[in-house]
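Thank you all for coming; I would like to walk through one model with you today, a few places at a time.

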Amino acid sequence: MKDVVVIGGGFAGLAAATRLVEGGARVTLLEKRPQLGGRAYSVVDEATGDVIDNGQHLFMGCYRATRAFLERIGTADKLRLQDRLQVAFIDAASGKPSRLETGRLPGPLSLMSGLFGFSSLSWRDKLAMIKVATAIQFPSRMQPQATDWETVDGWLDRLGQSHGARRAFFHPLALATLNDDPGTASAKMFAAVLKEAFFDGGDGRLGMASVGLSDLYVDDARAWLQARSATVRAGAAVERILVERGVVKGVGLRDGEVIAASAVIAATPASVLPGLVDAEWREGETWWAGLERLTTSPILSLHLWLDRLVTDEELIGVIDSPLHWIFNRNKLVSVKDPSRSHLSLVVSAARALVDRSSDEIVRLLTDELRRVLPAAADARVVHARLIKERDATITHGAGTEGFRPRCQSPIEGLFAAGDYVRTGLPATIEGAVRSADDAAALALAFEPPRLAAPPMSTGGFVPLGRLKKPSEVAPE
Ligand SMILES: Cc1cc2nc3c(=O)[nH]c(=O)nc-3n(C[C@H](O)[C@H](O)[C@H](O)COP(=O)(O)OP(=O)(O)OC[C@H]3O[C@@H](n4cnc5c(N)ncnc54)[C@H](O)[C@@H]3O)c2cc1C
């Protein structure tokens with residue numbers, strides 16, 4: 001039986017561990033923090049007793065790997081998928097409400113039907129959008145596919161898209177799915193989202209958890225793993241990944257404990273992984289050099305409790321506003337006091353706001369809410385709680401896809417999983433789980449090479465950096 005260590009207990013780590021167990025491996029999952037869930041978790045807000053997520057997470061029908069993971073651990077029914085894509089919008093400039101609602105038609109036709117009925121777009125904008133659909137579905141020499149080297153806005157320029165189409169549709173979608181500024185983000189990543197959601201059997205319906213995020217997957221994944229004899233340890237920080245002549249041998253914990261493994265899946269955030277591997281094994285390898293160049297983008301989530309109900313919508317996209325999304329938790333999860341509102345206000349790619357004081361951000365977003373949602377104008381704020389996730393996801397700047405590593409690292413038996421891994425998708429839950437599936441398949445297939453006795457080994461683990469890379473060892 002293979003012994004595999006998984007480092008990290010977010011979506012990627014937990015999904016990888018379940019795949020490994022299914023494949024017959026003996027699994028130890030190690031999570032640094034006292035609780036599992038990584039960047040997608042929930043806690044109970046002490047002041048109100050309501051469950052809050054560290055940030056409202058949207059799923060999509062096209063999250064196939066994620067939905068399969070939830071099926072595996074038995075919680076798919078806690079994720080509610082829309083019958084068809086339906087999103088309410090408010091234009092912050094005019095105060096005009098509108099609704100994007102796709103029809104029950106196959107592929108891009110469903111999106112086009114939705115856009116045609118979307119009153120925030122002019123007919124000229126709608127007709128011009130056919131060009132985007134054609135460029136994705138039928139790329140040609142005249143209209144080549146979106147590349148990673150052009151920005152979302154550059155690509156939309158190339159396809160003759162108007163200011164109106166960007167502000168009401170493309171920019172909100174790009175901000176939500178890439179957590180990045182359309183002026184700098186990769187067109188290829190954006191086109192990938194459109195493709196997954198609306199083309200080639202895509203599924204753009206939105207999904208939202210009907211429970212807190214930890215209840216959606218963390219608690220049940222842990223129970224599922226433990227019921228199958230996997231070891232799950234929270235509060236267990238890995239300090240080093242142990243490597244011997246280019247082959248992974250296990251991990252060393254911060255408290256000095258060593259755990260042997262025939263393969264290791266590193267499911268940490270991108271910024272953490274290089275620090276776990278001695279520089280000697282990273283030098284000169286583009287896989288590591290790219291990883292170290294990835295940067296991150298913040299998301300702000302303001303949980304706001306108002307003394308009355310202010311909307312019947314589940315979610316509202318706000319066009320042309322520093323406030324991007326209003327989620328109505330009363331409609332999504334069970335709340336303690338249904339007579340008052342629990343809203344979650346979200347700002348993606350929040351670089352311009354994240355360094356301001358919490359008081360200032362709460363004031364700005366509350367004022368903006370009152371401005372765009374008339375029913376909230378006179379509502380009293382009962383409680384507010386701001387969560388700043390500074391490193392919510394990696395940035396997807398044009399030209400950076402090549403920095404994202406693939407699962408297979410240059411160290412034999414060490415595989416990366418996580419939303420930053422190059423899956424062809426932006427850094428999302430689905431990217432994290434797909435990379436986890438890939439990493440688990442690689443770990444299960446991996447056969448450690450038989451190494452001759454290392455020259456300086458005393459029989460136990462050899463500290464990192466003491467032995468040479470395979471390329472430096474003369475053939476025996
Ligand atoms: C506010 C917010 C909103 C978001 N909204 C959406 C959304 O709507 N839709 C969507 O698809 N995605 C969304 N995302 C992104 C999504 O949360 C991430 O893509 C996903 O959670 C990443 O999972 P992961 O397992 O790759 O990484 P993580 O969740 O970061 O897990 C990595 C784990 O590794 C652990 N770790 C680190 N170092 C060590 C160590 N040395 N030893 C042991 N453990 C270690 C960490 O503590 C962490 O638990 C959002 C993210 C945020 C923050």
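Predicted model: local features only at pLDDT ≥ 70, side-chain atom pairs only at ≥ 80, totals over all residues.

Is Asn-328 buried or exposed? With the threshold for burial set at 20 or more other C-beta atoms within 10 Å, Asn-328 counts as buried because 20 other C-beta atoms lie within 10 Å. If we leave aside the neighbours within four places in sequence, Asn-328 is in contact with Thr-311, Glu-313, Glu-314, Leu-315 and Leu-343. Asn-328 and Ile-316 are twelve residues apart in sequence, and their C-alpha atoms are 8.4 Å apart in space.

Before going further, a word on confidence. The average pLDDT of the protein is 93, and 95% of the residues score at least 70. Over residues 455-476, however, the pLDDT is below 50, although this stretch has 27 contacts in the model beyond near neighbours in sequence.

Now to the overall layout. The domain assignment gives domain 1 as 3-41 + 215-294 + 400-445, domain 2 as 83-202 and domain 3 as 296-394. The C-alpha centres of domain 1 and domain 3 are 33 Å apart, and between these two domains eight residues of domain 1 are in contact with five residues of domain 3. On the side of domain 1 that touches domain 3, the residues divide into five nonpolar, one polar and two charged.

Which residues are closest to the ligand? Of the 36 residues that surround it, the closest are Gly-8, Gly-10, Gly-38, Gly-55 and Thr-428. The elements giving two or more residues to this shell are helix H1 (11-22), strand S2 (26-31), strand S15 (296-306), strand S19 (381-394) and helix H13 (429-445). In terms of residue class, the shell divides into 16 nonpolar, 13 polar and seven charged. Why do we say that the ligand lies between domain 1 and domain 3? We say so because both of these domains give residues to the shell around the ligand.

Next, consider Tyr-41, which lies in the loop between S2 and strand S3 (42-44). Tyr-41 is buried, since 23 other C-beta atoms lie within 10 Å. Apart from neighbours within four places in sequence, Tyr-41 is in contact with Gln-35, Asn-54, Leu-213, Ser-214 and Val-218. Tyr-41 and Val-264, by comparison, are 223 residues apart in sequence and 24 Å apart in space, taken from C-alpha to C-alpha.

Let me turn to helix H2, residues 64-73, where the buried residues are Ala-65, Thr-66, Arg-67, Phe-69, Leu-70 and Ile-73. These buried residues of H2 pack against H1, strand S5 (59-60), strand S6 (79-81), helix H8 (213-227) and H13. Just after H2 comes Gly-74, with a positive phi of about 85 degrees.

I will finish with a hairpin. Strand S11 (residues 238-244) pairs with strand S12 (residues 247-253) in the antiparallel sense, over six bridges, and in S12 the bridge partner of Glu-244 is Val-247. Two residues sit between S11 and S12 in this hairpin, and Arg-245 in the turn has a positive phi of about 45 degrees.

Conventions: Residues numbered from 1 in each chain as written. Domains from an automatic or database assignment. Contact = placed C-beta atoms within 7 Å. Nonpolar A, V, L, I, M, F, W, Y, C, P; charged D, E, K, R; others polar. Pairing = 2+ DSSP bridges. Helix = DSSP H or I, 4+ residues; strand = E, 2+ residues; numbered from the N terminus. Near = placed C-beta within 6 Å. pLDDT = per-residue confidence, 0-100. Buried ≥ 20, exposed ≤ 12 C-beta atoms within 10 Å, placed from the backbone.
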